[in-house]
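I opened my notebook beside the structure and looked up one part at a time. These are my entries.

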Amino acid sequence: GQCVKVCPVGALTEKNHVVELNQMLKKREKHFIVQMAPAIKHTIGEEFFIAPGTDATSKMVLALKKLGFDRVFSTDYSADVTIMEEGTELLQRLTEGKGKLPMFTSCCPGWVNYMEQNYPQFIDNLSSCKSPQQIFGALAKSYYSKEMNIPVEDIFVVSIMPCTAKKGEAEREQMPEDVDMVITTREFAKLVRMNRIDFAYLGDDADYDSFMGKGSSAGRIFGTSGGVMEAALRTVSHVLTGGQFEKLEFNEIRGFDNVKETSVEVGEHKIKLAVVNGISSAKVVLDAIERGEADYDFIEVMACHGGCISGGGAPIPDNYDVRRRRMEGMYRFDTESDLRKSHENSEVKALYENYLKDPCGHKSHHLLHTTYSDKS
Ligand code: SF4
């Protein structure tokens, strides 16, 4: 109520959630699984005096195990699944005329909310694909539950996310209760401190648990502006050219410019792309499309300038220099990775072989896609 509006909101709500989760983990009443968004790996270190951009995956995994999570998984994995679904959806819109163009990405709830409230006329242009957070939750409560033989009601899914908009996303009326609790990067740091875990001194060799833990570096760069688009291009171009198109890096759509544009020729298709970096630029691009002055096939929009590395739940201070180092850390991880394409992720391949069958098929349509509503 009123208090929440006047008090330092963050402090109040963060504390309650963290205390509640801490108690639940101690009681061990559920099977706790956790996912962490791509951006967190390159920002969380800052809370413990580690340089911005440093990949703190191993320390995070070890801290989460100490906190009592049964399985430590990653949203990079479900970002790869997002690419399989959203890439297929884009191909259907481009080559089969199934749905409107341009298609907009739907992984940022800040952007989805903005469109529903201000530009509902574009709702059919929004990818029907759920965000990586929600895809993870949906798979945890179906695929994971079934394959591991753990009843859905025993599974408690926690997300560590870069912003509070992700809390709202998990509570959307269109979303089943797949994600049970969302905490931000800073809330996670509080949980670690509350349990007196010496984060900076944890080891550097730990990795996610298998099954829903493996992510490609394409899934990882989802955490920065241009990354979703680049990840999609790696897979869509592979499909359109039967694996002949080998370009992996798309420098034109990286970085901090407000609107980044490029076009890519793959096979007989020329795909026109735009990346909208920050919500204030969305209006410029949407108005230009309405006036018939802009012509794109696929548009990525992230509400935060720089993408999720700049999310409202990220460590403070959060200035341009820090954001740039986080972004560099993410691309460094990509350059050094042996797995740079979502469709080559073996755990994603297993998901389709053993459970979903086809991207955008019957089962994934039911589990991994959603709808939007006019909230103007
Ligand atoms: Fe949240 Fe910002 Fe990322 Fe959107 S871009 S999901 S608002 S952190």
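**Entry: helix α5**

I began with the packing of helix α5. Its buried residues pack against α7, α11 and β8. I listed the buried residues of α5 as Pro109, Gly110, Trp111, Val112 and Met115. I also noted that this is a predicted model.

**Entry: around the ligand**

Next I asked which helices each supply at least two residues of the shell around the ligand. They are α5 (109–118) and α7 (165–170). I then looked at the shell as a whole. The ligand is surrounded by 13 residues. I wrote down the closest: Cys108, Gly110, Cys163, Cys304 and Gly311. How do the residues of the shell divide into nonpolar, polar and charged? I found nine nonpolar, three polar and one charged.

**Entry: strand β8**

From α5 I went on to β8, one of the elements it packs against. Is β8 enclosed or open? Five of the five residues of this strand (residues 298–302) are buried, so β8 is largely enclosed by the rest of the structure. I checked which way the residues point. Phe298, Glu300 and Met302 point one way from β8. Ile299 and Val301 point the other way. Both sets are buried.

Then I looked up the partners of β8. Strand β3 (residues 103–104) runs parallel to β8 and is joined to it by two bridges. Here Met103 has Phe298 as its bridge partner. Strand β7 (residues 269–277) also runs parallel to β8, with five bridges between them. In this pair, Ala274 has Ile299 as its bridge partner. A right-handed β-α-β unit is made by β7, helix α11 (residues 279–290) and β8.

**Entry: the sheet that holds β8**

I wrote out the order of this sheet as β3-β8-β7-β6. It is an open sheet of four strands, and its pairing is mixed. Which strands stand at the edges? They are β3 and β6 (259–266). Each has a single partner strand, so one side of each is left without a neighbour in the sheet. I looked for the antiparallel pair too. β6 and β7 run antiparallel and are joined by eight bridges. Val266 has His269 in β7 as its bridge partner.

**Entry: the other sheet**

I turned to another open sheet of four strands, in the order β2-β1-β4-β5. Its pairing is parallel. At its edges stand β2 (71–72) and β5 (181–184). Each of these has a single partner strand, so one side is left without a neighbour in the sheet.

I took β1 next. Five of its six residues are buried, so β1 is largely enclosed by the rest of the structure. How many bridges pair strand β1 (residues 31–36) with strand β4 (residues 155–161)? I found six, in the parallel sense. Val34 stands opposite Val158 in β4. Ile33 has Val157 as its bridge partner in β4. Ile33 also has a bridge partner in β2, which is Arg71. The chain goes from β1 through helix α3 (residues 57–67) to β2, and this β-α-β crossover is right-handed. The two strands run parallel, joined by two bridges.

**Entry: the nonpolar core**

I noted a general point before looking inside. Nonpolar side chains tend to be buried together in soluble globular proteins. The largest nonpolar core here has 96 residues. Val34, Trp111, Ile160, Ala232 and Val301 have the most contacts inside it. Helix α10 (residues 227–240) gives the largest share of this core, seven residues.

What does Ile160 contact, leaving aside its neighbours within four places in sequence? I listed Val34, Met36, Ala37, Ile40, Ile183, Thr185 and Phe188.

**Entry: Leu351**

My last stop was Leu351, in helix α13 (residues 346–356). Is Leu351 buried or exposed? The cut-off for buried is 20 or more other C-beta atoms within 10 Å. Leu351 has 24, so it is buried. Not counting residues up to four places away in sequence, Leu351 touches Val81, Tyr143 and Leu356. I also looked up Tyr144, which is 207 residues from Leu351 along the chain. Their C-alpha atoms are separated by 9.8 Å.

Definitions and conventions. Residues are numbered from 1 along each chain as its sequence is written. This is a predicted model: local features need pLDDT of at least 70, side-chain atom pairs count only at pLDDT 80 or more; totals for chains, interfaces and linings use all residues. A residue is buried if 20 or more other C-beta atoms lie within 10 Å of its own, exposed if 12 or fewer, and partly exposed in between; C-beta atoms are placed from the backbone. Two strands pair if DSSP finds at least two bridges between them. A crossover is right-handed if, with the strands pointing away from the viewer, the path from the first strand over the helix to the second runs clockwise. A residue is near a molecule or strand if its C-beta atom, placed from the backbone, lies within 6 Å of it. Ala, Val, Leu, Ile, Met, Phe, Trp, Tyr, Cys and Pro count as nonpolar, Asp, Glu, Lys and Arg as charged, and the others, Gly among them, as polar. A nonpolar core is a set of buried Ala, Val, Leu, Ile, Met, Phe, Trp, Tyr and Cys residues joined through C-beta atoms within 7 Å. Two residues are in contact if their C-beta atoms, placed from the backbone, lie within 7 Å.
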